[in-house]
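I opened the notebook to record what I looked up in this structure. The entries follow in the order I made them.

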Amino acid sequence: MGHRPDMSLAVRKVFSSMEGQDFPQYSMRPLHYAAWQGRSEPMKMLLKSGSSVNGQSDEGQIPLHLAAQHGHYDVSEMLLQHQSNPCIVDNAGKTPLDLACEFGRVGVVQLLLSSNMCAALLEPKPGDSTNPNGTSPLHLAAKNGHIDIIRLLIQAGIDINRQTKAGTALHEAALCGKTDVVRLLLDSGINAAVRNTYSQTALDIVYQFTATQASREIKQMLRDASAALQVRALKDYCNNYDLTSLNIKAGDVITVQHQPILC
């Protein structure tokens, strides 16, 4: 039989040099602390000694939540290799991917999206559209201005028009004054006419802002978007006889500006 590492030694390694540090309690286990601090060696010992990768704290978090939130790529990868379930939600209804998107942890987001659970992680959670605290990875990245993560989520196939009670990610970006995010979402084909459960469009939301430069730019972009029709190409189109013509591939989003008819 193989030798299993001494659990007490692993625990001592986790807590060594932690004196004087502030850290959350929440009845966390040693594996949670190792994940929170990104400490690979103690993590390896704890995993070899049989620590549960899916054990939850009082806050409902598994170690992967903490590793993802704090951007610890190697530790997150180790936990996934030991069958940590990235679809587990904490008491706030967030998955490890949600937290990585919220806090801008690009590397961990890439790791989670490359896992075999990617499709499940991008699916809406039950009650998202009615729960006041319902959210999504895209909403969290949008409200915090994480452009690179939004691009990754869109490339991975997330529904850009996914709604929570507050609306789409465009509502979140507009409300938080994230001009570049609003521009990216509109360029990526998000529907600016969607209304949230309070019957507000993103443009309605932005009128709540003070007269800042960001709000003025966002208002103009949303006005332009509301005056345009977006369609998706059903098939490829290429005019070989006109080199200045627009070449289109099936699936491309095309914005058609409404032009007034002059009589």
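How do α5 and α7 run relative to each other, roughly parallel or roughly antiparallel? Before answering, I noted what kind of model this is. It is a predicted model, in which local features need pLDDT of at least 70, side-chain atom pairs count only at pLDDT 80 or more, and totals for chains, interfaces and linings use all residues. Residues are numbered from 1 along each chain as its sequence is written, and side-chain values use heavy atoms, with hydrogens and water left out.

**Entry: two helices**

I looked up the axes of helix α5 (residues 73-81) and helix α7 (residues 106-113), which come within 9 Å and cross at roughly 20°. Helices (H or I, at least four residues) and strands (E, at least two) are DSSP runs, numbered from the N terminus. The axes are lines fitted to C-alpha atoms, for helices over the stretch in contact, and angles run from 0 to 180 degrees between N-to-C directions. Angles under 35 degrees count as roughly parallel, over 145 as roughly antiparallel, 65 to 115 as roughly perpendicular and the rest as oblique. Therefore α5 and α7 are roughly parallel to each other. I then listed the contact (heavy atoms within 4.5 Å). From α5 it takes Tyr73, Ser76, Glu77 and Leu80, and from α7 it takes Gly107, Val108, Leu111 and Leu112.

**Entry: the whole protein**

I found 14 helices and 2 strands in the protein. Of its 263 residues, 43% are buried. Buried means under 20% relative accessible area, exposed over 50%, and partly exposed in between (1.4 Å probe, protein chains only). Among contacts with a separation of 6 or more, 63% are between residues 24 or more positions apart.

**Entry: Lys125**

Is Lys125 buried or exposed? I located Lys125 in the loop between α8 (118-122) and α9 (137-143). Its relative accessible area is 16%, so Lys125 counts as buried. The side chain of Lys125 makes a polar contact with the side chain of Asp98, at 3.1 Å. A polar contact is a pair of N or O atoms within 3.5 Å; within protein, one must be able to donate a hydrogen and the other to accept it, and residues adjacent in sequence count only if both atoms are side-chain atoms. Leaving out residues up to four places away in sequence, I listed Val89, Gly93, Thr95, Asp98, Thr135 and Arg162 as touching Lys125.

**Entry: a ring pair**

Rings of Phe, Tyr and Trp (its six-membered ring) pair if their centres lie within 6.5 Å; planes under 30 degrees apart count as stacked, over 60 as edge-to-face and the rest as tilted. By this rule I counted 1 aromatic pair. The ring centres of Tyr33 and Trp36 are 6.4 Å apart and the planes stand at 75°, so the pair is edge-to-face. Tyr33 and Trp36 are both buried. They are 3 residues apart in helix α2 (residues 30-37), which means a separation of about one helical turn.

**Entry: helix α10**

In helix α10 (residues 147-156), I listed Ile147, Ile149, Ile150, Leu152 and Leu153 as the buried residues. Their cover includes α6 (96-102), α7, α8, α9 and α12 (179-187). Just after α10, Gly157 takes a positive phi of about 100°.

**Entry: positive phi outside glycine**

Gln83 is not a glycine, yet has a positive phi of about 70°. I placed Gln83 in the loop between α5 and α6, and at 62% relative accessibility Gln83 counts as exposed.
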